[in-house]
Amino acid sequence: MRKMYKRSKIEMKKNIYFLILMLIIILLDQFSKMKILGYMLSHSEELTLLPFLNFTLVFNSGVAFGIFSGFGQVVPHIFSLIGLLFGFGLISWAIITKKHYYAMTLISAGALGNAIDRIRLGVVIDFIDVYWKNLHWPAFNIADISICVGACIFLYTEFSESKKRRVLK
């Protein structure tokens, strides 16, 4: 009985740490967007940092890379709801299954960070512009980075666990 209580206490601490990490990512994302928005609106639309990196203000009314941006005013509200459900759903799934905490925390934080933008502004603020010569990657933000890193961690762990299961058979 005591061992079960100790394990549940450890799990609870683990969940709290991941929720704190998620909150930090969301706050960092929102803070960076507010700072960029304030700077870009008062100074210029582009800030060159490195020969391959700019900060440029982009209002994305669609989803990844501006997909669905021309579909009207209802789209941001639909994606806000999807982002909220997705963000809370993934972190709940990780807590219940006790799997993929890091990946689900990062993906959830990114989904919630972008959902907050859609709820607050009706658009997502993207500002990181990576390019080479005249070839520009679509602008993105810290929430997008969090989602991509989380997805990579998830895929890596799934493939490595799958490989281990095949070796053990």
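Is Ser32 buried or exposed? In this predicted model, Ser32 counts as buried because its relative accessibility is 12%, below the 20% limit for that class. The residue belongs to helix 1. Setting aside neighbours within four places in sequence, Ser32 is in contact with Phe127 and Ile142.

## Overall architecture and confidence

The protein chain contains four helices and four strands. Read along the sequence, these elements follow the pattern α-β-β-α-α-β-β-α. Of the 169 residues in the protein chain, 36% are buried.

The mean pLDDT of the protein chain is 84, and 85% of its residues reach 70 or more. Confidence is highest in strand 3, at 93, and lowest in helix 2 (residues 74–97), where the mean is 79. Where pLDDT is low, the predicted coordinates should not be read in detail.

The four strands of an open sheet are arranged in the order 1-2-3-4, with antiparallel pairing. Strand 1 (46–50) and strand 4 (135–136) are the edge strands, each pairing on one side only. Strands of a sheet pair through backbone hydrogen bonds, in either a parallel or an antiparallel manner.

Strand 2 (residues 53–60) and strand 3 (residues 124–132) are paired in the antiparallel sense over six bridges. Within the sheet, Asn60 stands opposite Val124 in strand 3.

## The nonpolar core

The largest nonpolar core comprises nine residues: Ile36, Leu37, Met40, Leu53, Leu57, Ile125, Phe127, Ile128 and Phe140. The elements that contribute two or more residues to this core are helix 1 (2–42), strand 2 and strand 3.

Leu57, one of the core residues, touches Ile36, Leu37, Met40, Leu41, Glu45, Ile125 and Asp126 when residues up to four places away in sequence are not counted. Phe127, another member of the core, is in contact with the buried Ser32.

## The salt-bridge network

How many salt bridges does the model contain? The count comes to three. In one of them, the side chains of Asp29 and Lys33 meet at 2.8 Å, N to O. These two residues are separated by about one helical turn, because they are four residues apart in helix 1. Asp29 and Lys33 are both buried. Lys33 also forms a salt bridge with Asp117, and the closest N and O atoms of that pair are 2.8 Å apart. Asp117 lies in helix 3 (residues 101–121) and Lys33 in helix 1, so this pair ties together parts that are 84 residues apart in sequence. Asp117 and Lys33 are both buried.

A further salt bridge links Asp117 with Arg120, with the closest N and O atoms 3.9 Å apart; the cut-off for a salt bridge is 4 Å. Asp117 and Arg120 are separated by about one helical turn, because they are three residues apart in helix 3. Through shared partners, the salt bridges join Asp29, Lys33, Asp117 and Arg120 into one network.

## The cysteines

The disulfide count is zero.

Methods: Residues numbered from 1 in each chain as written. Predicted model: local features only at pLDDT ≥ 70, side-chain atom pairs only at ≥ 80, totals over all residues. Heavy atoms only, no water. Pairing = 2+ DSSP bridges. Core = buried A, V, L, I, M, F, W, Y, C linked by side-chain atoms within 4.5 Å. Buried < 20%, exposed > 50% of the residue type's maximum accessible area, 1.4 Å probe, protein only. Contact = heavy atoms within 4.5 Å. pLDDT = per-residue confidence, 0-100. Disulfide = S-S within 2.5 Å.
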